[in-house]
Amino acid sequence: MSDQLVKIYDVTLRDGTQGENISFSIHDKLRIAQKLDELGVHYIEGGWPGSNERDEGFFEEAKKLKLSKSKITAFGSTRRSGKTCEEDGSIQALLKAETPAVTIVGKSWDFHVKEALRIPLKENIEIIHDSVVYLKERVDEVFFDAEHFFDGFKHNPKYTLQAIKAAADAGADVLVLCDTNGGTLPWEIEEIVREVNLSLDNPHLGIHTHNDGEVGVANTLYAVREGVRQIQGTINGYGERCGNANLCSIIPNLNLKLGIECLSESELRHLYDVSHFIHELTNLPAIKHRPFVGESAFAHKGGLHVSAVMKKSETYEHVSPEVVGNRRRVLVSDLSGRSNILYKAKELGIELDSHDKRVNAILGELKKLENAGYEFEGADASFELLVRKALGEYRKPFHLKGIRTSTEKRSEDEEPLTEATLMVQVDGVNEHTAALGNGPVHAMDQGLRKALEKFYPNLKEVKLKDYRVRVLSTKHGTDAVVRVLIESGDGDSDWSTVGVSQNIVEASLKALVDSIDYKILKDEAKRAAKARG
Ligand SMILES: [Zn+2]
């Protein structure tokens with residue numbers, strides 16, 4: 001099979017938005033389309049223009065998008081029984097979207113025709129046929145989604161074949177076989193696709209799977225091996241129930257394992273970025289262990305693994321992280337040995353010899369803090385500060401001379417309000433300030449930055465992105481130790497810091513101070529690098 005024939009058809013903007021807690025505004029959808037074009041997918045299904053105003057609005061705006069590679073497609077359904085295509089609102093909405101390609105879904109399982117549509121089986125075949133004929137006369141490319149194809153095939157193969165043959169005879173460019181309920185297994189897919197290829201005359205097939213059996217990706221790959229040319233899926237596997245087949249896994253598997261270059265090498269390097277960009281817009285918590293594009297996909301923790309990976313990365317990595325735009329990470333934790341420290345230091349731009357005594361000092365400090373409840377695995381920025389302190393490369397950018405927070409609730413129905421008053425000192429100059437927040441962490445964060453912005457104006461860019469508290473031991477009830485992890489970002493990068501104390505306000509304050517310290521030092525290092533040219 002020629003590589004050029006395998007086309008990626010993204011359904012994130014339609015099927016993906018059916019996922020629980022996923023909702024994109026028109027503006028989000030336009031930005032996502034732009035990103036998908038950068039990635040180089042061949043088709044971007046924008047939505048169902050006949051079904052809601054948001055999708056209609058998207059298609060109006062999408063006409064102005066300047067895409068370099070991707071084609072926008074509109075999704076709809078075959079005409080309704082008893083109506084001509086001229087009279088059918090959904091078909092007309094598809095044409096109004098003015099996309100170069102459209103996809104229509106039709107029934108291929110006899111059970112659904114009888115029970116859901118409640119029309120004769122023969123009429124459904126006519127509906128498929130004349131919907132495709134009508135659209136094909138008016139749109140460049142028409143794809144036919146055969147809903148419940150695999151389930152239908154298992155019950156009545158003859159009828160499913162009749163349904164897709166009707167679409168093929170009417171001129172459909174691709175017949176997309178859908179595992180709508182997501183329960184089919186890879187070898188069933190393989191066998192059924194093989195039979196379809198034998199039964200129809202050189203059919204152009206597509207595959208659309210869901211992940212209910214957690215084999216959405218595997219099902220897609222099996223179909224590709226049987227000659228399927230159009231691959232439908234979503235970024236990060238978003239979608240109804242357990243989601244659609246995940247393009248972030250399918251694409252690299254095709255390119256790197258099956259040798260089918262559906263995207264170019266340089267396009268593939270955008271994968272990590274596109275996955276994270278779209279995830280950011282969903283506002284959902286990160287799933288770190290996603291294959292290829294997750295933060296943990298190339299994260300090494302065990303000391304033995306790390307020392308092996310440092311010598312030869314293939315020892316514990318199936319592909320190189322760089323090819324999908326990801327990066328290798330070495331986690332520091334209780335399990336760390338000297339190699340983790342050396343690797344991390346190198347990442348920070350610090351060359352340490354493995355016999356350097358300072359490595360022991362860092363390791364010692366790390367173990368001590370970890371015994372106290374610290375964890376640096378999720379707190380790279382705090383770890384960097386620790387290393388710099390141990391190496392004598394740290395200058396404290398400000399001193400916190402005192403802080404006080406008080407929370408007040410004026411009546412039962414009112415939300416509580418917290419005030420933080422504090423004093424900081426920078427180069428001998430004191431600054432005293434007060435700030436309000438919806439809780440102590442928010443108020444302290446506002447207050448600290450307000451006081452320090454005078455000296456470090458870049459702190460305006462910092463945003464608290466995530467705040468997590470974990471209670472570490474319950475031996476003593478309320479004097480349990482708490483660990484606070486804070487994630488901050490400034491639009492340029494994100495970093496995380498940690499604080500531990502018996503007092504939750506103190507633990508939060510430590511993590512906050514580290515976050516601000518880190519931002520100031522990061523910007524200073526950037527300026528110094530620029531000055532050096
Ligand atoms: Zn679907």
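**Stop 1: the zinc ion**

Along the chain, the donors of the zinc ion follow the spacing D-x192-H-x1-H. Donors are N, O and S atoms within 2.8 Å of the metal (3.2 Å for Na, K and Ca); water is not among the atoms, so sites may look incomplete. Select D15, H208 and H210. They coordinate the zinc ion through OD of D15, NE2 of H208 and NE2 of H210, at 2.0 to 2.2 Å.

A word on what you are viewing: this is a predicted model, where local features need pLDDT of at least 70, side-chain atom pairs count only at pLDDT 80 or more, and totals for chains, interfaces and linings use all residues. Residues are numbered from 1 along each chain as its sequence is written, and side-chain values use heavy atoms, with hydrogens and water left out.

**Stop 2**

Show the cartoon. Helices (H or I, at least four residues) and strands (E, at least two) are DSSP runs, numbered from the N terminus. Follow the strands β1-β2-β3-β4-β5-β6-β7-β8: they form a closed barrel of eight strands with parallel pairing. From one strand to the next, the twist averages 25°. Two strands pair if DSSP finds at least two bridges between them. Strands of a sheet pair through backbone hydrogen bonds, either parallel or antiparallel.

Select β5 (residues 141-147) and β6 (residues 174-179). Four bridges pair them in the parallel sense. Find A146: opposite stands L177 in β6. Stay on L177 and look across to β7, where I207 stands opposite. β6 and β7 run parallel, joined by five bridges.

Five of its five residues are buried, so β7 is largely enclosed by the rest of the structure. Show the side chains. L205, I207 and T209 point one way, while G206 and H208 point the other way.

Next, pick α1. This helix lies across β1, β2 (43-47) and β3 (71-77), and runs at about 170° to β2. Angles run from 0 to 180 degrees between N-to-C directions, and axes are lines fitted to C-alpha atoms, for helices over the stretch in contact. Contact means heavy atoms within 4.5 Å.

**Stop 2: a pocket**

Select N211, N236, G237, C242 and R290. Of the 27 residues that line the second largest pocket, these lie nearest its centre. The volume of this pocket is about 620 Å³. Helix α9 (residues 216-225) gives the most to the lining, with three residues.

How is such space found? On a 1 Å grid over the protein atoms alone, a cavity is a set of points where a 1.4 Å probe fits but cannot get out, and a pocket is an open set with protein on both sides within 12 Å along at least five of seven lines; lining residues have an atom within 4 Å of a point. Grid points are joined across faces, edges and corners, and a volume is the space filled by probe spheres set on the points.

**Stop 3: a cavity**

How many cavities of 30 Å³ or more does a search of the whole structure find? The search finds one. About 30 Å³ of space lies in the largest cavity. Select D445, R449, V462, L464, S488, L512, S515 and I516 to see its lining. α17 (440-452) and α18 (504-532) are the elements that give two or more residues. The largest share, three residues, comes from α18.

**Stop 4: antiparallel strands**

Pick β15 (residues 482-489). Seven of its eight residues are buried, so β15 is largely enclosed by the rest of the structure. On one side, eight bridges join β15 to β14 (residues 463-471), and the two run antiparallel. V471 stands opposite V482. β15 also pairs with β16 (residues 494-501) in the antiparallel sense, over eight bridges. The bridge partner of R483 in β16 is V500. Click G491, in the hairpin of β15 and β16: its phi is positive, near 85°.

**Stop 5: a covered helix**

Finish on α16 (residues 380-390). Eight of its 11 residues are buried, including F383, L385 and L386. Their cover includes α14 (338-347), α15 (357-371), β16 and α18. After α16 comes G392, with a positive phi near 70°.

Terms used: Buried means under 20% relative accessible area, exposed over 50%, partly exposed in between (1.4 Å probe, protein chains only).
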